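Work through the exercises below with the structure open. Try each task before reading its solution.

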Amino acid sequence: MLLKEVKEWLTEYKGLNPNELHTFAHNNSENEDLLQALHKLFDSPPFYVQELDPVCHQLFEFYRSPERKLQLFALEFVPSLVWLYLRCLSLLERKVCGGVETFLLGVYNLEIVQADGSPIVETFRIPTLSTASIYHEHSRMPGVSEQLTEHALRQLNLSHTSWRSGPFPQFESINAQNRFSILALVMQRYNKDLDAFHSHALISACRVSHKLSQTGFSLDSDSEPRI
């Protein structure tokens, strides 16, 4: 059953008018009881879909909101939702996590396009040792002469040093072929705002990472994943 804090949170948001959204977003992000209740909810054994779907639907509404605090609030639960989704799959209970799947897929599809719908393509330059950085100065590397070091390391610039990300395909559903790509990109989005999340979210992310690294998922629907 949903905890009292979660029920009140669902009801309050439905009754808001646009002028109250900013205040709600601020109070929402500071409500530690609510944060703990939601993390507890997502860490519980899979339960009935009618209880999980409205929670995930509201989180997706937050993610699409122009209010920055609401967007961050929704993203805080990404690791927990990834864990819950994989857990449901391992127990052959995919129908239970339909709302979770919709949330994760929605975040993915919104993150791969610009506001006008055009695909996002990013290019990154990979640093080389021939260029000084905050981590090293190639002219001071021990054991070799300055002239030889600079000449040798400059040759690295002749190779490709750029990495391209995108464009990514849009998906209508998650399956075994695209699951890893979708979850990886959603986690990348989560990592971009890691420094802005509440401490409860960071602790939960560490716990989820530990579970995922230690779990041997069983396909036996009568048993919990082995941790």
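**Exercise 1. Get an overview.** Find what share of the protein chain is buried, and list the order of its elements.

*Solution.* Of the 227 residues in the protein chain, 41% are buried (under 20% relative accessible area; exposed is over 50%, partly exposed in between; 1.4 Å probe, protein chains only). This is a predicted model, in which local features need pLDDT of at least 70 and side-chain atom pairs count only at pLDDT 80 or more, while totals for chains, interfaces and linings use all residues. Residues are numbered from 1 along each chain as its sequence is written, and side-chain values use heavy atoms, with hydrogens and water left out.

Next, the elements. The chain has 10 helices and two strands. These are DSSP runs, numbered from the N terminus: helices are H or I with at least four residues, strands E with at least two. From the N terminus the order is α-α-α-α-α-α-α-β-α-β-α-α.

**Exercise 2. Describe a helix pair.** How do the axes of helix H6 and helix H10 cross?

*Solution.* Locate helix H6 at residues 78–90 and helix H10 at residues 199–214. Their axes come within 9 Å and cross at roughly 30 degrees. Axes are lines fitted to C-alpha atoms, for helices over the stretch in contact, and angles run from 0 to 180 degrees between N-to-C directions. H6 is therefore roughly parallel to H10, as angles under 35 degrees count as roughly parallel.

Now find the contact (heavy atoms within 4.5 Å). H6 contributes Pro79, Ser80, Trp83 and Leu86. H10 contributes Ser204, Ala205, Val208, Lys211 and Leu212.

**Exercise 3. Check the cysteines.** How many disulfides does the structure hold?

*Solution.* Apply the cut-off: a disulfide is a pair of cysteine sulfur atoms within 2.5 Å. The structure holds zero disulfides. Take Cys56: the closest cysteine sulfur is in Cys97, 9.0 Å away, so it is too far for a bond. Then take Cys88: the closest cysteine sulfur is again in Cys97, at 4.0 Å, also too far for a bond. Cys56 is buried, with a relative accessible area of 1%. Cys88 is buried too, at 1% relative accessibility.

Terms used. Parallel < 35°, antiparallel > 145°, perpendicular 65-115°, else oblique.
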